[in-house]
Amino acid sequence: MAINISIKEQAGRLVVTVEGDLNNTATKQAVQSFAPIYEHTDCDVAIECSKLNYISSSGLRLMLDIYKHTRANAHNAILCHLPDDIKEVFDLSGFLQLFKVED
């Protein structure tokens, strides 16, 4: 399944919706799609993951970059509605401790 990414401002934060498989190939596309995130330095970034089916190590690295960007600007990166299997990947990688998580 291809990756579909949308970004919008909502409730004082940037909401990034990720749908599909964030595998190695899709991560290359996602880097370009995520570019607007780096233009915002004044708000939290919420990553909506309810329709994220798979995440590879390169996808995790991309999420880590978003985390570093938000923290450098004194804001939060928030993972929203993580499916159990994706949450397990974040947990096993140690990344779950970095992000705020919302159900």
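A residue is called buried here when its relative accessible area is under 20%, exposed when that area is over 50%, and partly exposed in between. By this criterion, 46% of the 103 residues of the protein count as buried. The model is a predicted one, and the values below are computed from it.

The overall architecture comprises three helices and five strands, which follow one another from the N terminus in the order β-β-α-β-α-β-α-β. The radius of gyration of the protein is 12 Å, close to the 13 Å that the globule rule gives for 103 residues, so the protein is as compact as a globular protein of that length. Taken along the principal axes, the box filled by the C-alpha atoms has dimensions of roughly 30 × 25 × 20 Å. When contacts between residues at least 6 apart in sequence are considered, 68% of them join residues at least 24 apart.

The protein exposes about 5600 Å², of which carbon and sulfur atoms supply 46%. Its side chains include 9 positive and 14 negative ones, and the centres of these two sets lie 4 Å apart.

From these totals we can turn to the aromatic side chains. A pair of aromatic rings is described by the distance of the centres and the angle of the planes. The structure holds two such pairs. In one of them, tyrosine 67 and phenylalanine 99 are tilted relative to each other, with 5.6 Å from centre to centre and 55° between the planes. Because tyrosine 67 lies in helix H2 and phenylalanine 99 in the loop between helix H3 (84-93) and strand E5 (100-102), this pair ties together parts that are 32 residues apart in sequence. Phenylalanine 99 also forms a pair with phenylalanine 90, and here the arrangement is edge-to-face, at 5.9 Å centre to centre and 85° between the planes.

Apart from neighbours within four places in sequence, tyrosine 67 is in contact with Ala77, Leu98 and Phe99. The C-alpha atoms of tyrosine 67 and phenylalanine 95, which are 28 residues apart along the chain, are separated by 9.6 Å.

Most residues other than glycine have a negative phi. Alanine 74, although it is not a glycine, has a positive phi of about 60°; this residue is found in the loop between H2 and strand E4 (77-80). With a relative accessible area of 68%, which is over 50%, alanine 74 is therefore exposed. Histidine 81, another residue other than glycine, likewise has a positive phi, with a value near 55°, and is found in the loop between E4 and H3. At 38% relative accessibility, histidine 81 counts as partly exposed, because that value falls between the two cut-offs.

Methods
Residues are numbered from 1 along each chain as its sequence is written. This is a predicted model: local features need pLDDT of at least 70, side-chain atom pairs count only at pLDDT 80 or more; totals for chains, interfaces and linings use all residues. Side-chain values use heavy atoms; hydrogens and water are left out. Contact means heavy atoms within 4.5 Å. Helices (H or I, at least four residues) and strands (E, at least two) are DSSP runs, numbered from the N terminus. The radius of gyration is taken over C-alpha atoms; the globule rule is 2.2 Å times the number of residues to the power 0.38. Buried means under 20% relative accessible area, exposed over 50%, partly exposed in between (1.4 Å probe, protein chains only). Accessible areas come from the Shrake-Rupley method with a 1.4 Å probe; for residues, only the protein chains shown count as cover. Lys and Arg count as positive and Asp and Glu as negative; His and the chain ends are not counted. The place of a charge is taken as NZ of Lys, CZ of Arg, CG of Asp or CD of Glu. Rings of Phe, Tyr and Trp (its six-membered ring) pair if their centres lie within 6.5 Å; planes under 30 degrees apart count as stacked, over 60 as edge-to-face and the rest as tilted.
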